[in-house]
Amino acid sequence: DLGGTSVCNQGVSSLSMCTTLQSLSLSGSRDISDSGVCPAVEGLPDLISLNVSGCKVSDRLLLALAQTCTGLENLNISYCPVAVTDVGLTAIATAACSVSLASLNIAGQYLVTSRGFMTLATGCFRLDTINLSNCEQVDDNAVQMLGTSARGLLYCSLRQCSLVSDSGLQLFAPGVGKLLSLDLSGCALLSDGGLMAVAQYCGQLVSFSVGWCRRLTDYGIAAIAAGCTGLRTLKIECCPRVGDGALGAVGDALTCLTGLKIFSCPVSSQGLEELWPIAPKLLHLNLGGCSRVSDQAFANLLGVCVSLVSLNLRECDVGDLVLSIAARNCTNLRSLNVRQCGWLTDAGILAMTKAATSLVSLNVRMCEGISDAALQSLQKHCRLKVMDSTNLYD
């Protein structure tokens, strides 16, 4: 693993002499380009895994991989400044390694067209993991082909694929019944119809994310809750029509849930009560931006969240009562984010000081009621490794 190091192209190219090398990571090495990686892989026929995320590589590298690395199983070419095109993906999809390729991350590859994605899906039919986040040209046709060809798919991210609609999901979902994780955050065209298709065909999901979908309502989330009862992680962000009805469905059906994010959605204090049945098992809870929920309602919920490890209430109307309840009941809490919670004072922080000895991460940015004295007390009694109090009074 040479990720994030200061190695240069000359050093990387010399790796071609390590002919038995099977795994190579150069992630984040932004000075590395085709000039270094291509000569290296040309001498590494046994390479199984390659991560060049963030490197300056292009189609030239994919062509070299297609010719040399016939047993390639894992490839990460995400967010490379010199984007790849259909030419490179077609080379991979039609090479011998297409049969062995199981995991592919091409997030941020904005030049690849729908035709390129369709060719990839057809050729690399044994994929079990694919990340297409921020691939601007992924559309319904590409998603349909992926569902038709890669029937063994387990993990799929379509985050910020803004051209994907309900029609695409309705054609995608029937072919991926083994899917365990699906991220649809930022697929703004989606509505309840798309989620109903996922719920109908993808009942084995353990992780599901959706966000920034103005058309999505409680009915879509209720369908997911009813159809995917084994979910352990559910994330819903910035969906203005998802509210208390969704919380009711989640509280009733998702008894295995350990991670819940309902960020900046119009849920109310009454709706939060619907989560009480599943609250004791929750390890991670993010209700940031839910400004319609009262201080007392948050406190009541935290009174039964006895297993929490991380809690995010940023930009909520919470005060010292909430922190005192969290300190008393959430004894395993390691991470707390109360950024921009203007009602908090030193009293709340001091309550955490006395009880939350396991806390290692705290964000109190823009909490104007907290003074230096409270922070000093917290640092003295807790084993903090990360604390953000930037612009505390700005």
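Colleague: Is D183 buried or exposed?

Modeller: This is a predicted model, and the answer rests on the relative accessibility computed from it. For D183 that value is 16%. Buried means under 20%, so D183 counts as buried.

Colleague: Which residue forms a salt bridge with D183?

Modeller: D183 sits in strand β7, residues 181-185. Its partner is in the loop between β6 (155-157) and α7 (166-172), 24 residues apart from D183. The closest N and O atoms of the pair are 3.5 Å apart, and a salt bridge requires a distance within 4 Å. The partner is R159.

Colleague: What is the relative accessible area of R159?

Modeller: R159 is neither buried nor exposed by the cut-offs, which are under 20% and over 50%. It therefore counts as partly exposed, with a value of 26%.

Colleague: Which strands does the salt bridge between K261 and E237 tie together?

Modeller: The side chains of K261 and E237 meet at 3.3 Å, N to O. E237 is buried, at 8% relative accessibility. K261 lies within residues 259-263 and E237 within residues 233-237, so the pair ties together parts 24 residues apart in sequence. The strands are β10 and β9.

Colleague: How far apart are the closest N and O atoms of E315 and R314?

Modeller: E315 is partly exposed, with a relative accessible area of 31%. It forms a salt bridge with R314. The closest N and O atoms are 2.7 Å apart.

Colleague: How many salt bridges does a search of the whole structure find?

Modeller: Among them are D183 with R159, K261 with E237, and E315 with R314. The search of the whole structure finds three.

Key: Residues numbered from 1 in each chain as written. Predicted model: local features only at pLDDT ≥ 70, side-chain atom pairs only at ≥ 80, totals over all residues. Heavy atoms only, no water. Helix = DSSP H or I, 4+ residues; strand = E, 2+ residues; numbered from the N terminus. Buried < 20%, exposed > 50% of the residue type's maximum accessible area, 1.4 Å probe, protein only.
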